Amino acid sequence: QVQLVESGGGLAQAGGSLRLSCAASGSIWSIGTMAWYRQVAGTQRERVAVIFSDSRTNYADSVKGRFTISRDNSKNTVSLQMNSLKPEDTGVYYCNADILLQRSVFQDNYWGQGTQVTVSS
């Protein structure tokens, strides 16, 4: 019923930039909190940035000042601008969103399929 599709991952050099985008589609009534998570093989998925429905944002300490999360409610999208990339930013990045479907009462939480980001030193 709902799909989150990420794009924009790839390979970057340390100090470079990448922009991730995530588009939600389906029978959507509204979207609440949206976030980006990062997972390195063998470790737990960690939240790197979140944007709430009122556009307040929060960032992991490791990315503060370098990453910027934004959303476009008219297009059901969320983006992550990643600047001054470091090798430790390498991982699979997942989009996450709380979505209220049409004819539903409660929001459900959805994940994208993930996009690989690799930062070389």
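**Close-ups of a predicted model**

**View 1. The largest nonpolar core and the residues at its centre of contacts.** Among the 31 residues of the largest nonpolar core, Trp36, Leu80, Met82, Tyr93 and Ile99 are the ones that touch the most other members. Here a nonpolar core is a set of buried Ala, Val, Leu, Ile, Met, Phe, Trp, Tyr and Cys residues joined through side-chain atoms within 4.5 Å. At least two residues of this core come from each of strand 1 (2-7), strand 3 (18-26), strand 4 (28-39), strand 5 (46-51), strand 7 (67-72), strand 8 (77-82), strand 9 (91-101) and strand 11 (115-120). Strand 9 is the top contributor to this core, giving 5 residues. Strands (E, at least two residues) and helices (H or I, at least four) are DSSP runs, numbered from the N terminus.

A word on the ground rules: this is a predicted model, where local features need pLDDT of at least 70 and side-chain atom pairs count only at pLDDT 80 or more, while totals for chains, interfaces and linings use all residues. Residues are numbered from 1 along each chain as its sequence is written, and side-chain values use heavy atoms, with hydrogens and water left out.

**View 2. Ile99 and its contacts.** Leaving aside residues up to four places away in sequence, Ile99 touches Val2, Leu4, Ala24, Ile28, Ser30, Ile31, Phe106, Gln107, Asp108 and Tyr110. A contact means heavy atoms within 4.5 Å.

View 3. Strand 4 and strand 5 run antiparallel and are joined by 5 bridges; two strands count as paired if DSSP finds at least two bridges between them. Look for Met34, whose bridge partner in strand 5 is Ile51. The hairpin of these strands has 6 residues between them, and Gly42 there takes a positive phi near 85°. Strand 5 also pairs with strand 6 (residues 57-59), again in the antiparallel sense, over 3 bridges. In that pairing, Val50 stands opposite Asn58 of strand 6. This hairpin has 5 residues between strand 5 and strand 6, and Ser55 takes a positive phi near 75°. For the side chains, remember that in a regular strand they alternate between the two faces of the sheet.

View 4. Strand 8 is mostly covered, with 5 of its 6 residues buried. Buried means under 20% relative accessible area, exposed means over 50%, and partly exposed is in between (1.4 Å probe, protein chains only). Strand 3 runs antiparallel to strand 8, with 6 bridges joining them, and Arg19 has Gln81 as its bridge partner in strand 8. Strand 7 is joined to strand 8 by 6 bridges and is antiparallel to it; here Ser70 has Ser79 as its bridge partner.

View 5. Searching the whole structure turns up 2 aromatic pairs. Rings of Phe, Tyr and Trp (its six-membered ring) pair if their centres lie within 6.5 Å; planes under 30 degrees apart count as stacked, over 60 as edge-to-face and the rest as tilted. Tyr37 and Trp111 have ring centres 4.8 Å apart and planes at 65°, so that pair is edge-to-face. Because Tyr37 lies in strand 4 and Trp111 in strand 10 (residues 108-111), the pair ties together parts that are 74 residues apart in sequence. Tyr37 counts as buried at 19% relative accessibility, whereas Trp111 is partly exposed at 37%. Tyr94 and Trp111 make an edge-to-face pair too, at 6.4 Å centre to centre with 85° between the planes. Tyr94 sits in strand 9 and Trp111 in strand 10, so this pair links parts 17 residues apart in sequence. Tyr94 is buried, with a relative accessible area of 14%. Put together, Tyr37, Tyr94 and Trp111 form one aromatic cluster.

**View 6. Arg45 over two rings.** Arg45 lies over the face of Tyr94, 3.6 Å from the ring centre, and also over the face of Trp111, 4.6 Å from that ring centre. A charge sits over a ring if NZ of Lys or CZ of Arg is within 6 Å of the ring centre and within 35 degrees of the ring normal.

View 7. Most residues other than glycine have a negative phi. Asn76 is not a glycine, yet has a positive phi of about 55°. Asn76 is found in the loop between strand 7 and strand 8, where the hairpin has 4 residues between the strands, and is partly exposed at 23% relative accessible area. Arg103, also not a glycine, has a positive phi of about 65°. Arg103 has its place in the loop between strand 9 and strand 10 and counts as exposed at 81% relative accessibility.
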